[in-house]
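Hi everyone, thanks for coming. Let's bring it up.

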Amino acid sequence: MNYNSTRNSSVVVSAAQAIAQGISKEGGLFVPGQLPHYTYEDLRALKELDYVGRAQRILSDFLTDFTPEEIQESVEKAYAPEKFGGDNPAPLTLLQNNDKNMYLMELWHGPTCAFKDMALQLLPHLLTKSLQKTYAGKTAVILVATSGDTGKAALEGFKDVEGTKILVFYPEDGVSPMQKRQMNTQEGNNVSVCAIEGNFDDAQTGVKRIFTDPETAKLLEKHNMLFSSANSINWGRLLPQIVYYFSAYCDLMNTGEMDYEGEEINIVVPTGNFGNILAAYYAKEMGLPVHKLICASNSNNVLTDFIRTGTYDKNRNFYTTISPSMDILVSSNLERLLYHLTGRDDKKVSQWMKQLAETGKYTVDDDVKAKIQELFYSGYCDDQGTEQTIKMLYDTENYLCDTHTAVAVHVYDQYIAETDDKQTPTVIASTASPYKFAASVLEALTGEKSQRDEFSMVEELSAVSSTAIPQPIAQLKEKTQRFQQVCGISDMRKVVLEMLHIQ
């Protein structure tokens, strides 16, 4: 299995090279040269395995330059029961008190209480092995832009990993207080964190600019370093996410919910950067029986408009919402989807990305638009709808969800209203613990805005909802804040060099 760049199909690299490098030199993203196909018999075999076994099977089809032993070691360490509270790191919860066939896939039982753990507990193992195969002796500098959850999950995953340094940028006013505290108290000798004066798109653009700057690359080369990424632009981030969609289907087969060959599910994903739902698209293309991919946005509804109109236009108001991990106007992973739907037309994709960079918008061809609309349903939910959904789920199901999962449930309700498709079993990606957004969830339940500090609100939420505070959140209260630096967008490169102690 080799990988190509979305902006230059003549670039051909191994899986190890794609993971180690993170992004192609001309700015394109790496995609697999072809996708493996899974039959119903393959699914029947997968359902007999536990999560670790399913992950090994799927990863082996994409990481053909890794030995079976390397994959097994990586997966077993990543998904150890003590890290995720059991043998299944992505359990399903059936919501019963409604007339819909709806399951929440809880992806937040890992060490940072967010779905990013599902990939970022595995990526360090894949990356260090990739470096040994391709850049032996070099230090990987993991550069991350985050809208909240990726930063902490990456910091935790790469903490004190030999041969790596990790630098995280986040928008100063664009993450929840709990997300900020998680990052600023991060332990580890190889980690650094800096806030920026701007939003996530500014952070992401700045990181990409540093990544592709030849002068910076020369400086790193001089010090025996190279950049890599823990954002979902790195194939090593996306690949592990494919696994949990297959695993959810297998779990439904084991319960008897999926009882005949080809029976389809819907998948609902709250997304801003389009990575998590792109993994679901790959699963569908690999043979997972999926009826509709439902893309859920918050008020920053650039993806909703794109899927419905075929025009991607980031020239719009940016909203700071109570679902901050989705406060994004430039969805990087959409580039991968466009590459596949254009028949791997790198010139067309490059032109659209150039238009986006220069004008902030582009419009896809009618045939690509038609393919997108056949695959995806899109909708969005504002903060008021998010709060109402949190309250509704708690009142009717006694289920406490976070602000991002609530967006997904709300958009799924829109889909039901438009299509009347209540029969198709539906898996909703539940992406974070409600305790990461305690202030917003508590206000949704009580109708009152609390003036208490973050940890008092966490304790109050536990008391009001009769749910337990996750251990990683409870432990934060006693941790010392290590990182408090804030920089302007234009100073990000300077900050990176200072953090690396190079000139």
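The largest pocket here has a volume of about 560 Å³. By pocket I mean an open set of points on a 1 Å grid over the protein atoms alone, where a 1.4 Å probe fits, with protein on both sides within 12 Å along at least five of seven lines. The volume is the space filled by probe spheres set on the points, which are joined across faces, edges and corners.

This is a predicted model, where local features need pLDDT of at least 70 and side-chain atom pairs pLDDT 80 or more, while totals for chains, interfaces and linings use all residues. Residues are numbered from 1 along each chain as its sequence is written, and side-chain values use heavy atoms, without hydrogens and water.

Helices are DSSP runs of H or I, at least four residues, and strands are runs of E, at least two, numbered from the N terminus.

Now for the second largest pocket, at about 430 Å³. Its lining has 17 residues, with Gln21, Lys25, Phe211, Ala217 and Leu226 nearest the centre. Two or more residues each come from α11 (214–222) and β9 (225–229), and α11 has the largest share, with five.

Notes: 1 Å grid on protein atoms, 1.4 Å probe; cavity = no way out; pocket = protein on both sides within 12 Å on 5 of 7 lines; lining within 4 Å.
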